[in-house]
Amino acid sequence: MLSEVTVFCFMASYLVALGLEVTRFLRKKNGFLRPLIFLFSLAGLVAQTAYLLNRARVTELPPLLSSSHDWLIVFSWVLVAIFLFINLIDEELSIGLFLFPLVLTLVISSYFVDDATNTLMEPSIRSWAMLHASLLVLGGVGIVLSFVLSLMYLIQHRRLKQKQNFSTGFNLPSLAKLSRLNRWAVMVSAPLMTVGMGIGIGLGVYVRKGAHSISFFDPVIIVYELVWVGMMLSVILILRTRQPNQKHIAQLTIWTGGLILLTVIGIQILSNVRILKFESWHSQYSAPVIEIHDPTAERVVS
């Protein structure tokens with residue numbers, strides 16, 4: 001049963017949910033759309049959970065450790081779970097119109113990254129690697145949520161400044177509430193990302209002398225470091241300034257969230273394409289193996 005669930009199953013559910021969110025934004029009387037959005041999102045999450053469970057059974061590894069494909073699926077799964085939670089406790093926060101495009105981008109990107117099982121993971125460091133990956137995912141999700149909240153803040157700021165009105169189905173909270181939520185997202189993400197990166201550095205040093213050493217000059221690692229710097233700047237602005245400029249913090253977190261999305265999606269895809277091109281070039285231009293028959297090997301010494 002689980003093996004029959006494909007990526008397209010939950011991707012289709014999220015596409016419908018996004019379409020309903022757009023309809024909710026365009027139409028004024030749309031009270032029936034919110035339950036439909038919730039149901040399609042929940043159906044997609046259930047299908048996605050089944051898919052991840054099947055992948056874990058096949059690969060015999062947690063999804064966060066098995067492949068880049070599974071890592072992206074887990075990232076999108078957490079975002080949808082948070083959307084459903086927010087939808088239950090806060091009807092005012094119309095976050096789906098901003099969140100579902102990111103979820104779909106992650107799911108579609110999973111088609112273009114490597115889904116081969118990672119067999120190089122040493123059993124002795126698997127628990128630490130799992131903690132490292134989990135903290136990075138949770139920290140990355142927090143940064144993406146901060147990215148969405150900052151985008152909503154800037155839209156609401158511009159709307160109030162220009163005295164624009166949206167449809168009744170599209171509600172944005174006050175600037176004070178959005179800045180408070182954004183502050184919490186940044187403050188929670190900062191320690192998660194910091195501890196996750198610290199464990200990653202420790203693992204990199206531990207396996208540096210082994211056959212499967214990790215390069216600290218990898219583009220993904222470098223961008224994560226830039227994201228961490230941007231996030232820490234936001235934390236410093238929040239903690240050291242009594243009345244920080246919320247618009248500047250929103251702009252900074254948008255850049256930080258854009259970098260994390262570039263890391264999770266863009267660089268992963270480009271790295272996979274580079275590997276595929278190298279393998280294709282190597283198989284095309286590498287010298288053929290010539291077998292030499294040695295007739296003396298067949299002589300029998302009497």
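Trainee: In which loop does proline 173 lie?

Mentor: The model before us is predicted: local features need pLDDT of at least 70, side-chain atom pairs count only at pLDDT 80 or more, and totals for chains, interfaces and linings use all residues. Residues are numbered from 1 along each chain as its sequence is written, and side-chain values use heavy atoms, with hydrogens and water left out. Helices (DSSP runs of H or I, at least four residues) and strands (DSSP runs of E, at least two) are numbered from the N terminus. Proline 173 lies in the loop between α6 (126-162) and α7 (175-206).

Trainee: Is proline 173 buried or exposed?

Mentor: Buried means under 20% relative accessible area, exposed means over 50%, and partly exposed is in between, using a 1.4 Å probe and protein chains only. Proline 173 has a relative accessible area of 0%, and it is therefore buried.

Trainee: How far apart in space are proline 173 and glutamine 156, C-alpha to C-alpha?

Mentor: In sequence, proline 173 and glutamine 156 are 17 residues apart. In space, from C-alpha to C-alpha, their separation is 8.1 Å.

Trainee: Are α6 and α7 roughly parallel or antiparallel to each other?

Mentor: Two packed helices are described by the angle between their axes and the distance between the axes. Axes are lines fitted to C-alpha atoms, for helices over the stretch in contact, and the angles run from 0 to 180 degrees between N-to-C directions; under 35 degrees counts as roughly parallel, over 145 as roughly antiparallel, 65 to 115 as roughly perpendicular and the rest as oblique. Here the angle is about 155 degrees, with the axes of α6 and α7 7 Å apart. The two helices are therefore roughly antiparallel.

Trainee: How many nonpolar residues are there in the contact of α6 with α7?

Mentor: α6 passes α7 in a left-handed crossing, that is, the near helix is turned anticlockwise from the far one by less than a right angle, whereas clockwise would be right-handed. In this contact (heavy atoms within 4.5 Å), residues are sorted by class: Ala, Val, Leu, Ile, Met, Phe, Trp, Tyr, Cys and Pro are nonpolar, Asp, Glu, Lys and Arg are charged, and the others, Gly among them, are polar. The contact of α6 with α7 has no charged residues and 13 polar ones, and its nonpolar residues number 22.

Trainee: Which residues does serine 146 touch, not counting those up to four places away in sequence?

Mentor: Serine 146 has its place in helix α6, and with a relative accessible area of 3% it is buried. Leaving out residues up to four places away in sequence, the residues that serine 146 touches are Asn182, Ala185, Val186 and Thr253.

Trainee: What is the handedness of the crossing of α2 and α4?

Mentor: Helix α2 (residues 33-59) and helix α4 (residues 68-89) pack at about 150 degrees, with their axes 10 Å apart. That angle makes α2 roughly antiparallel to α4. The crossing of α2 and α4 is left-handed.

Trainee: How far apart are the axes of α1 and α2?

Mentor: Helix α1 covers residues 7-26, and α1 packs against α2 at an angle of about 160 degrees. The distance between these axes is 8 Å.

Trainee: How many of the 14 residues of α5 are buried?

Mentor: Helix α5 (residues 96-109) reaches 19 Å from its first C-alpha to its last, close to the 20 Å expected at 1.5 Å a residue, where the expected span is 1.5 Å times one less than the number of residues. The buried residues of α5 include Phe98, Leu102 and Val107. This helix is largely enclosed by the rest of the structure, because its buried residues number ten.

Trainee: What is the phi of glutamate 60?

Mentor: Glutamate 60 is found in the loop between α2 and α3 (63-66), and at 68% relative accessibility it counts as exposed. Most residues other than glycine have a negative phi. Glutamate 60 is not a glycine, yet its phi is positive, at about 60 degrees.
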